[in-house]
Amino acid sequence: MLKVYNTMDRDKVPFHPEREGRVSMYVCGPTTYNYIHIGNARPMVAFDAIRKYLIYRGFEVTYVQNFTDIDDKIIQKAKDEHDEPLALAERYIEEYKKDARALGVREADMHPRVSRHMDDILDMVRTLQEKGYAYEVDGNVYFDVRSFPDYGKLSRRDLDELKSGARVDVDSEKKDPLDFALWKRAKPGEPSWESPWGTGRPGWHIECSAMSLKYVGPTFDIHGGGYDLIFPHHENEIAQSEGYTGKTFANYWLHNGFITVNEEKMSKSVGNFFLVREVLEKFPGEVVRFFLLGTHYRSPLDFSDAKLAEDQKALAKLQNTWNRLRDATESIDGANGPDDLMDGFRRRIEEAMDDDFNTARAIGVLFDSIRKINRWIDEDEQSGGAGNKEAIAAETNQVEILGNNGETLAHWSGRKSEIAEELITWLLQSTGSRSSV
């Protein structure tokens with residue numbers, strides 16, 4: 001049984017989608033004002049892996065990831081670079097896609113952008129105001145957090161204990177310092193749109209609610225993002241979305257852990273961040289992906305070139321083992337070997353992945369198999385090729401589970417850059433036995 005850690009429950013719980021056989025996912029995407037850093041890459045890769053495993057398990061998955069293409073940071077960066085905000089955002093969206101491809105991340109089924117969903121956002125803000133969840137002051141519209149009794153249920157924070165701070169805007173217009181902006185009145189020289197409250201632009205939180213409700217709502221299965229988004233972003237999404245629909249917003253909340261450098265959280269404000277583009281100049285994309293999935297997605301992950309170098313050696317070992325295996329089995333004609341070996345291998349991988357998508361444990365199973373392959377080949381060579389052909393052939397079938405879109409690893413010979421591109425389906429897809437991922 002597939003179990004996931006639901007932040008709302010603070011526990012692993014059985015996964016049951018809203019509609020049998022179908023899974024809807026919404027993952028918070030980047031604010032497109034710069035190249036992405038390695039911290040941004042972690043949710044990209046983690047939720048891409050989760051998506052691919054769900055497909056392997058037979059689900060039809062709808063995967064949505066937004067692009068924030070209008071934001072204070074985008075506006076400021078555009079001013080600095082003497083560019084138009086939407087043009088700058090478009091440029092960095094294309095750069096994001098390049099990095100995503102290098103990391104083996106498949107494009108989402110939909111990549112909605114804020115600037116293209118103003119009607120949906122305006123409708124949501126208008127309805128929240130009509131229902132008494134929002135109020136307008138001089139062209140700004142704020143969500144009244146005290147009007148939503150369940151505010152704080154995801155982050156488990158009490159309103160009376162919350163203090164205004166770095167993540168909470170203090171504004172004399174607000175009824176309460178915790179109230180957050182749904183719509184902001186226009187400032188000179190900034191992009192703006194017409195609204196019932198005058199020209200302006202949306203606040204940060206409303207975009208994800210409006211776009212997720214449009215494409216996978218009103219109640220969908222998995223909402224994903226980084227741990228730092230639990231409060232206030234995801235908490236605010238819940239309040240405004242459930243206030244708008246009167247229904248549960250998302251059933252399962254999945255959050256990836258931080259990437260640290262020397263055990264300190266990676267942050268642009270601290271200056272200890274690394275652009276994916278820079279990392280890819282040193283290491284191939286499959287090595288970076290392997291590094292990101294080598295630790296369970298909820299656990300902290302400490303970044304260093306030394307650890308990436310270790311993973312590069314590990315992937316080289318995988319390639320070398322395949323080369324040995326290919327050479328050792330060239331003379332085998334149709335030998336399949338004991339089915340229980342292949343079934344046991346697959347079962348261990350599935351058990352790991354069914355336990356809250358534990359890629360670290362799954363990778364451990366992979367390298368257990370690599371050790372067996374090398375031992376069997378060594379024994380076969382020492383015996384002059386007698387006695388181990390069937391066992392090697394059986395493990396060949398297991399390695400064929402590394403296949404991508406019906407290919408076996410043999411077809412990857414000479415294309416090392418693709419070994420880890422489908423890092424979840426690597427082990428799980430035997431040729432012809434599952435639908436292609």
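Three strands make up an open sheet of mixed pairing, arranged in the order β12-β11-β13. The model is a predicted one.

**The open sheet**
- The edges of the sheet are formed by β12 (264-265) and β13 (301-302).
- Each of these two edge strands has a single partner strand, so one side of each is left without a neighbour in the sheet.
- Strand β11 comprises residues 259-261 and runs parallel to β13, to which it is joined by two bridges.
- T260 has D302 of β13 as its bridge partner.

**The second largest pocket**
- The second largest pocket holds about 330 Å³ of space.
- Its lining consists of 14 residues, among which T7, R10, Y227, I230 and H255 are the closest to the centre of the pocket.
- Classified by residue type, the lining of this pocket contains six nonpolar residues, together with four polar and four charged ones.

**Helix α1**
- Helix α1 spans residues 38-56, a run of 19 residues.
- From the first C-alpha of α1 to the last, the distance is 27 Å, which is close to the 27 Å expected at 1.5 Å a residue.
- Most of α1 is covered, with 17 of its 19 residues buried, that is, under 20% relative accessible area.
- An α-helix has 3.6 residues a turn, so residues three or four places apart point the same way.
- G58, which lies just after α1, adopts a positive phi of about 100°.

Note on methods: Residues numbered from 1 in each chain as written. Predicted model: local features only at pLDDT ≥ 70, side-chain atom pairs only at ≥ 80, totals over all residues. Heavy atoms only, no water. Pairing = 2+ DSSP bridges. Helix = DSSP H or I, 4+ residues; strand = E, 2+ residues; numbered from the N terminus. 1 Å grid on protein atoms, 1.4 Å probe; cavity = no way out; pocket = protein on both sides within 12 Å on 5 of 7 lines; lining within 4 Å. Points joined across faces, edges and corners; volume = space filled by probe spheres on them. Nonpolar A, V, L, I, M, F, W, Y, C, P; charged D, E, K, R; others polar. Expected span 1.5 Å × (residues − 1). Buried < 20%, exposed > 50% of the residue type's maximum accessible area, 1.4 Å probe, protein only.
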